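Hi,

Here is the model I promised to send over.

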Amino acid sequence: MSLPKIPLAGVIGSPIAHSKSPQLHRHWLETYGIAGHYVPLDVASDDLEEVLRTLPKMGFVGVNLTIPHKEAVMEIADLITDRATLIGAANTLIFRADGKIHADNTDGYGFIENLKAGAPDWDPKAGPAAVLGAGARRGQLSPRCWMLACLRSACQTAPASGQSSCSAISAAGSKSSIGCKRAI
């Protein structure tokens, strides 16, 4: 008799012990009665590709990524969504049944949904907005601004270079496969 495998997922970073993701995912797995485990994995940059290629053989169905791996995984993944390409980083990997690693980025979506829920009366046409936080890096902020442009909003960001605006990102973003070597 063969028993079903319990799916595994996790978060990969270095360091990773500080992550609250395992507690959050455990809560939702238990709340909805979903069989599975979500574990933190401290993986050095030099070991990233080997670990990612091994995890599916161990029963992992996917992982989330944090520092310092979000950009490096773009060279490892077999399939990359347009939004991960636009942001230039992936925070979510799915290990597909055909053996391919599918990379995505949910940061922009999460940012937009949080903005809509937390500031429903905010009017992007009222003027520039500043985004403060430890997680957003200059290279990832402009595509988030492009995500706002997708909602037909007008906005600006003020990255360290001071050279980015939604209009430029929107124009470039209209060609959704720009720079996407392996887009799906």
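A quick word on element names before anything else: helices (H or I, at least four residues) and strands (E, at least two) are DSSP runs, numbered from the N terminus. With that naming, Tyr32 sits in the loop between α1 (21-31) and β2 (37-42).

On provenance: this is a predicted model, so local features need pLDDT of at least 70 and side-chain atom pairs count only at pLDDT 80 or more, while totals for chains, interfaces and linings use all residues. Residues are numbered from 1 along each chain as its sequence is written, and side-chain values use heavy atoms, with hydrogens and water left out.

**The aromatic pair and its patch**

How many aromatic pairs does a search of the whole structure find? The search comes back with 1. The partners are Trp28 and Tyr32, with ring centres 5.8 Å apart and planes at 25°, so this pair is stacked. The rule here takes rings of Phe, Tyr and Trp (its six-membered ring) as a pair if their centres lie within 6.5 Å; planes under 30 degrees apart count as stacked, over 60 as edge-to-face and the rest as tilted.

Are the two residues buried or exposed? Tyr32 is exposed, at 59% relative accessible area, and Trp28 is partly exposed, at 45%. For those words, buried means under 20% relative accessible area, exposed over 50%, and partly exposed in between (1.4 Å probe, protein chains only).

Trp28 and Tyr32 also turn up together with Leu24 and Ile34 in a nonpolar surface patch of about 480 Å². Patches are made of residues with over 30% relative accessible area and no salt bridge; like charges are joined within 9 Å, and nonpolar side chains (Val, Leu, Ile, Met, Phe, Trp, Tyr) within 5 Å. The accessible areas come from the Shrake-Rupley method with a 1.4 Å probe, and for residues only the protein chains shown count as cover.

**Salt bridges**

A salt bridge here is a side-chain nitrogen of Lys or Arg within 4 Å of a carboxyl oxygen of Asp or Glu, and the count by that rule is 6. Three of them, one by one:

- Asp78 with Arg53: the closest N and O atoms are 3.4 Å apart. This pair links distant parts of the chain, with Asp78 in the loop between β3 (60-65) and β4 (79-80) and Arg53 in helix α2 (residues 48-54), 25 residues apart. Asp78 is partly exposed at 26% relative accessibility, and so is Arg53 at 31%. Glu49 comes in as well: Glu49, Arg53 and Asp78 are linked in a network of salt bridges.
- Lys70 with Asp107: the closest N and O atoms are 3.0 Å apart. Again distant parts of the chain are linked, with Lys70 in the loop between β3 and β4 and Asp107 in helix α4 (residues 107-118), 37 residues apart. Both Lys70 and Asp107 are buried.
- Glu113 with Lys116: the closest N and O atoms are 3.0 Å apart. These two are 3 residues apart in helix α4, so about one helical turn separates them. Glu113 is partly exposed at 30% relative accessibility, and Lys116 is partly exposed at 43%.

**Strands and crossover**

Strand β1 (residues 8-13) runs parallel to β2, and 6 bridges join them; two strands pair if DSSP finds at least two bridges between them. Gly13 has Asp42 of β2 as its bridge partner. Together, β1, α1 and β2 make a right-handed β-α-β unit. Right-handed means that, with the strands pointing away from the viewer, the path from the first strand over the helix to the second runs clockwise.

**Cis peptides**

Most peptide bonds are trans, but two places here are worth a look. The bond from Ser14 to Pro15 is cis, with omega near 10°, and Pro15 lies in the loop between β1 and α1. Another cis bond joins Ile67 and Pro68, with omega about 0°; Pro68 is in the loop between β3 and β4.

**One more from that loop**

Ile76 is also in the loop between β3 and β4, and at 9% relative accessibility Ile76 counts as buried. Ile76 and Ala103 are 27 residues apart in sequence and 9.1 Å apart in space, C-alpha to C-alpha.

Cheers
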